[in-house]
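Hello,

Here is the structure I promised to pass on. My notes follow below it.

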Amino acid sequence: VQLQTSGGGLVQAGGSLTLSCVASGSIFSIDAVAWYRQAPGKQRELVAHMRSGGDRKYGDPVQGRFAISRDNAKNTVYLQMNSLKPEDTAVYYCYSELRKYFGDYSLAYWGQGTLVTVSS
C-alpha cells in the first residue's frame, strides 16, 4: 500500500490550496483518513481527521478554514485549505488507517509529505 501526496506549493497569505492523497495497492477498506503537518522545529500536529462514517475533527488553528473530504471510489482524500496564513507553512502528511483484506487489522500508513509555503 502506498499513499501518494500532491498539491503542495507556494501561495500568498489569504490564498487557497488543495492537497490530494491517493491510496494504491491492495485495499479492502479505509477506516480513517487524516492530514498532519510539521513545521520547522515543531512537533507533528493533527490538521484534520475523518472516520469512515463521515465524522470530522480539525485542529484548532485550522478550524473554519480547512476542510477534509474523500472520494471513496478513487481512494483519495483531499484537504481544501482556505485563508492561508504564514503560520500554516509546513510539510503536510497524509495518513490513513486501512485494511488490506477482509479480516485484516486496521493499520496506519503515511504518505511522503508535501511542502506548503505561505508567504506574507
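The largest cavity holds about 60 Å³ of space. A cavity here is a set of points on a 1 Å grid, over the protein atoms alone, where a 1.4 Å probe fits but cannot get out. Points are joined across faces, edges and corners, and the volume is the space filled by probe spheres set on them. Of its 13 lining residues (an atom within 4 Å of a point), I30, V33, N75, T76 and V77 are the closest to the centre. The lining divides into seven nonpolar, four polar and two charged residues. Searching the whole structure finds one cavity of 30 Å³ or more.

On provenance: this is a predicted model, local features need pLDDT of at least 70, side-chain atom pairs count only at pLDDT 80 or more, and totals for chains, interfaces and linings use all residues. Residues are numbered from 1 along each chain as its sequence is written, and side-chain values use heavy atoms, with hydrogens and water left out.

Now the core. The largest nonpolar core has 28 residues. Such a core joins buried residues (under 20% relative accessible area, 1.4 Å probe, protein chains only) through side-chain atoms within 4.5 Å. W35, V47, F66, I68, L79, M81 and Y92 touch the most other members. L79 is in contact (heavy atoms within 4.5 Å) with residues including L17, W35, F66 and Y92.

Strands are DSSP runs of E, at least two residues long. They pair if DSSP finds at least two bridges. β3 runs antiparallel to β8, with six bridges. L17 stands opposite M81 in β8. Five bridges join β1 to β3, also antiparallel. There, L3 partners A23.

Best wishes

Note on methods
Buried < 20%, exposed > 50% of the residue type's maximum accessible area, 1.4 Å probe, protein only. Helix = DSSP H or I, 4+ residues; strand = E, 2+ residues; numbered from the N terminus. 1 Å grid on protein atoms, 1.4 Å probe; cavity = no way out; pocket = protein on both sides within 12 Å on 5 of 7 lines; lining within 4 Å. Nonpolar A, V, L, I, M, F, W, Y, C, P; charged D, E, K, R; others polar. Lists of a residue's contacts leave out its neighbours within four places in sequence.
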